[in-house]
Amino acid sequence: MSRSVADKLNRGISPQQFVEGMTKNKEAFQGWYDKFEWASDSDREFFESLKSRNDLRVFILMADWCGDVVRNIPVVFRALETGEVPVEVLIMEENLDTMDQFLTMGGRSVPVVILTDAEGKEIHGTWGPRPTYVQEPMVLFKKENPDREAADYQDKLAETRKEIMRRYGEGTGYHALVVQELRALIESV
């Protein structure tokens, strides 16, 4: 099934408007943005090469309260800025119709980076809510714990979240994973 955000074209906000309007986690978001550095010249050159393309847009479903947004979207912003790719931010709570087209394992998880053509038609999947390596514990948890009412569900979820944070680590090492996965998605178009 083809998904589209064409009805949202030019109705989102800019990355700068998102940051300026943040009421939660703004300092942490800005910190990750400021710490970004390219892990490889090849990745930087790839994103620079996008400047010549006019067939690519990105919509990002997100919210300022989300820790994965705070960690990952500064990296996405920096990569896409390098390529001068048009980006529109869609605040999740204001765009539930769109959010429900782009569920993660059946749930509303943000961020969701949606790659579209110039008219807003999804062209090759999405990225998010976190790098694959960091997301693996949640995928396993959901597979092994389908009953949200189980007595130990919340305890196991808490342990899964600890493992996710361990995989993110303290530094910016995971930034390279975000860049590589975003690059692979764009290259697949």
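When I say two residues touch or are in contact, I mean they have heavy atoms within 4.5 Å of each other. Okay, with that settled, hi everyone. What you have on screen is a predicted model, where local features need pLDDT of at least 70, side-chain atom pairs count only at pLDDT 80 or more, and totals for chains, interfaces and linings use all residues. Residues are numbered from 1 along each chain as its sequence is written, and side-chain values use heavy atoms, with hydrogens and water left out.

Let's start with asparagine 145. It sits in the loop between α6 and α7. The helix and strand names come from DSSP runs, H or I of at least four residues for helices and E of at least two for strands, numbered from the N terminus. Buried or exposed, then, for asparagine 145? It counts as buried, because its relative accessibility is 11%; the scale is under 20% relative accessible area for buried, over 50% for exposed, and partly exposed in between, using a 1.4 Å probe and protein chains only. Setting aside residues up to four places away in sequence, asparagine 145 touches Tyr153 and Lys156.

Helix α6 covers residues 132–144 and helix α7 covers residues 153–168, and they pack at an angle of about 165° with their axes 8 Å apart. Those axes are lines fitted to C-alpha atoms, for helices over the stretch in contact, and the angles run from 0 to 180 degrees between N-to-C directions. So α6 and α7 are roughly antiparallel to each other. For the angle words, under 35 degrees is roughly parallel, over 145 roughly antiparallel, 65 to 115 roughly perpendicular, and the rest oblique.

Who makes that contact? From α6 you get Tyr133, Val134, Glu136, Pro137, Met138, Phe141 and Lys142, and from α7 the list includes Tyr153, Lys156, Leu157 and Ile164. Sorted by class, the contact of α6 with α7 has nine nonpolar, one polar and six charged residues. Here Ala, Val, Leu, Ile, Met, Phe, Trp, Tyr, Cys and Pro count as nonpolar, Asp, Glu, Lys and Arg as charged, and the others, Gly among them, as polar.

Staying on α7 for a second, have a look at arginine 166, which is found in that helix. Arginine 166 counts as exposed, because its relative accessibility is 52%. Its side chain is joined to that of glutamate 163 by a polar contact of 2.6 Å. By polar contact I mean a pair of N or O atoms within 3.5 Å; within protein, one must be able to donate a hydrogen and the other to accept it, and residues adjacent in sequence count only if both atoms are side-chain atoms.

Next, arginine 130, in the loop between β4, residues 122–127, and α6. Arginine 130 is buried, at a relative accessible area of 13%. Which side chains does it pair with? There's a polar contact to the side chain of aspartate 68 at 2.5 Å, and another to the side chain of glutamine 135 at 2.4 Å. Arginine 130 also touches Ile164 and Tyr168, among others, not counting residues up to four places away in sequence.

Proline 111 is found in the loop between α5, residues 96–99, and β3.

One more helix pair. Helix α3, residues 41–49, and helix α8, residues 174–187, have axes that come within 11 Å and cross at roughly 45°. That makes α3 oblique to α8. The α3 side of the contact is Ser42, Asp43, Phe46 and Phe47, while α8 brings Val179, Gln180, Leu182, Arg183, Ile186 and Glu187.

Where are they? Asparagine 10 is in the segment before α1, residues 15–21, and asparagine 25 is in the loop between α1 and α2. Asparagine 10 counts as exposed at 63% relative accessibility, whereas asparagine 25 counts as partly exposed at 34%. That's me done, thanks.
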